[in-house]
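I opened the notebook to look up how the chains meet and how some of their elements pack. The entries follow in the order in which I looked.

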Amino acid sequence: MPRPPRPPALTVDVQRIVSEKLVATAEHHERLESTNDRAKQIARQEEEPPLPLLVVANQQSSGRGRGARSWWTGPQSLAFSLLVSLEHWTGGRARVPVTALAAGVALVEVLAPRLAPRTVGLEWPNDVCVEGRKLAGILVEAPTANRLVIGVGVNTNSRLSDVPAELQDRIATLCDRTATCHDHTELLVGWLQRWDHWFGCLPGQANLVAEAADRLCLQRGLHLRLRRGAEVHEGICRGIAADGALILETAEGLGKHYSGTLH
Amino acid sequence: MGSPSSTQDVFDVRKIRRLIELMNDHNLQEMDLRQGDMRIQLRRASDPVAGSLPQMQPVLAPTAPAVAPAPAAPPAAAEPVEDPNTTIIKSPMVGTFYAAPDPDSAPYVKVGDPIGRDTVICIVEAMKVFNEIQAEVAGMITAVLAENGEPVEFGQPLFRVKTA
């Protein structure tokens, strides 16, 4: 990636992102509880601004996973959400989950060159990891049948010393791994360009997204334990199927899984 | 993927009804499922009458002679006779059903709650994509048919709603 012409800026230049037509509308906030919540709020407004819409926050105080698996966002991390329309989609919501993989593949493509020669990849379904640690997380929410909010949090310029002690052995930051700071606008521009490519493949060529995710899957060959409600499935990961499902080989054979918590 | 089922499960009436719904939803002509030495084939009738519902013909394989083949029946006949003012809201996708926005919150809706078309009634999560499901029908919840945190299949009934 080209080096930015000025010292890395943590504040995203949303005017540049709009003027380059990467999104139609952008909001920048100094601090938000959750960029996803803000994007969902906009999606439910009677008068919706032009989409895609980007919500960026310098600080996100309660970025979310579900329940206790909340996402930690450091003070100098990159947090944003993209609100997109699915009105051109046909065939209902069945392929919507693949959007999480599309966001993840785009994120790996942007982060991997910055971290070379380290291997950056995906942990199904929504984490980007390097050297066994989580570098970025994705949380996609569909507030209505034809709107999608893609929330992304990347540990960019926060330091490992900022990370809560109980998470320190599980989290990586871009700054710590590369010993340099990274420009948030450049990262976001890169992600939006790659997202646009992969989102364009959906839903007609969702298999292309799934195949890309499969190539980047870091869990292949690992023994995984997937819990979903009262069900527990244990087996060897055989990658990601053409419809985006996780493939586990258990004593019963190969099985495809669409949801659950991995341990 | 569910846990291992007994071989009789494949002939469960509710599952057959769901298979028929899937065939209708996706306009499939034929479905052929095998589980161990049991088999079920569903095939559309070849001479549909214009305007009528598609006919399904269950075909049982000779390897399962103990199960008597049922007479051909249209999918409408497979549905129990219901109050015409009752609607079933079904899952639009495979995933995990969540009754509440997060584990510490109250359910979106409970039995007796009035709902509008835009009321969010649950989340179905797949691949960490959280789909907030709207009722798309107005009325009152009369039954919650799925368990919080449990897997649901495409087309699986989630709620029963009295619409009038």
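These entries go from the interface to single strands and a helix.

**Entry 1: the model**

I am working with a predicted model. I keep that in mind for every entry below.

**Entry 2: the interface in totals**

I started with the contact between chain A and chain B. I found 36 residues of chain A in contact with 29 residues of chain B. The size of an interface is often given as the accessible area lost when the parts come together. For chain A and chain B I noted a buried area of about 2600 Å². Carbon and sulfur atoms give 56% of that area.

Next I looked up the polar side of the interface. I counted 10 residue pairs in polar contact between chain A and chain B, both residues at pLDDT 80 or more. Which elements of chain A supply at least two residues each to the side that touches chain B? I listed helix 3 (98–115), strand 6 (133–144), strand 9 (231–240) and strand 11 (253–257) of chain A. Strand 6 of chain A gives the most, with six residues. By residue class, the side of chain A that touches chain B divides into 16 nonpolar, 11 polar and nine charged.

I then searched for charge pairs. The rule finds two salt bridges across the interface of chain A and chain B. I looked at one of them, where the side chains of Arg44(A) and Glu132(B) meet at 2.4 Å, N to O.

**Entry 3: strands pairing across the chains**

I checked strand 6 of chain A against chain B. Three bridges join this strand to strand 8 (residues 129–134) of chain B. The two strands run parallel. Within strand 8 of chain B, Phe130(B) stands opposite Glu141(A).

**Entry 4: Thr96(B)**

Thr96(B) sits in strand 5 (residues 95–98) of chain B. Is Thr96(B) buried or exposed? Its relative accessibility is 1%, so Thr96(B) counts as buried; the cut-off for buried is under 20%.

What does the side chain of Thr96(B) touch in chain A by a polar contact? I found the side chain of Ser259(A), at 2.6 Å. I also took the contacts of Thr96(B), leaving aside neighbours within four places in sequence. From chain A they are Arg228(A), Ser259(A) and Gly260(A). From chain B they include Ile123(B), Val124(B), Glu125(B) and Pro151(B).

**Entry 5: a sheet in chain B**

I traced an open sheet of four strands in chain B, in the order 4-11-9-6. The pairing is antiparallel. Strand 4 (86–90) and strand 6 (114–115) of chain B are the edge strands, and each pairs on one side only. Strand 6 of chain B is joined by two bridges to strand 9 (residues 139–144) of chain B. There I found Pro114(B) opposite Met140(B).

I moved to strand 5 (residues 127–130) of chain A. In a regular strand the side chains alternate between the two faces of the sheet. On one side of strand 5 of chain A I noted Asp127(A) and Cys129(A), and on the other Val128(A) and Val130(A). All are buried, and both faces are covered.

Strand 4 (residues 120–123) of chain A pairs with strand 5 of chain A over four bridges, in the antiparallel sense. The two form a hairpin with three residues between them. Gly121(A) stands opposite Cys129(A).

Strand 5 of chain A also pairs with strand 6 of chain A, again antiparallel over four bridges. Here Cys129(A) stands opposite Lys134(A). This hairpin has two residues between the strands, and Glu131(A) takes a positive phi near 50 degrees in it.

**Entry 6: helix 2 of chain A**

How many of the nine residues of helix 2 (residues 35–43) of chain A are buried? I counted seven, and the helix is mostly covered. Among them are Thr35(A), Arg38(A), Lys40(A) and Ile42(A). The cover includes strand 1 (25–32) and strand 6 of chain A, together with strand 8 of chain B.

At the N-terminal end Ser34(A) caps the helix, with a side-chain oxygen 3.2 Å from the backbone nitrogen of Asn36(A). Asp37(A) is also in helix 2 of chain A. Asp37(A) has a relative accessible area of 34%, so this residue is partly exposed.

Definitions and conventions: Residues numbered from 1 in each chain as written. Chains lettered and ligands numbered in written order. Predicted model: local features only at pLDDT ≥ 70, side-chain atom pairs only at ≥ 80, totals over all residues. Heavy atoms only, no water. Contact = heavy atoms within 4.5 Å. Buried area = accessible area lost by both parts, 1.4 Å probe. Salt bridge = Lys/Arg side-chain N within 4 Å of Asp/Glu carboxyl O. Polar contact = N/O pair within 3.5 Å; in protein donor to acceptor, adjacent residues only side chain to side chain. Nonpolar A, V, L, I, M, F, W, Y, C, P; charged D, E, K, R; others polar. Pairing = 2+ DSSP bridges. Buried < 20%, exposed > 50% of the residue type's maximum accessible area, 1.4 Å probe, protein only.
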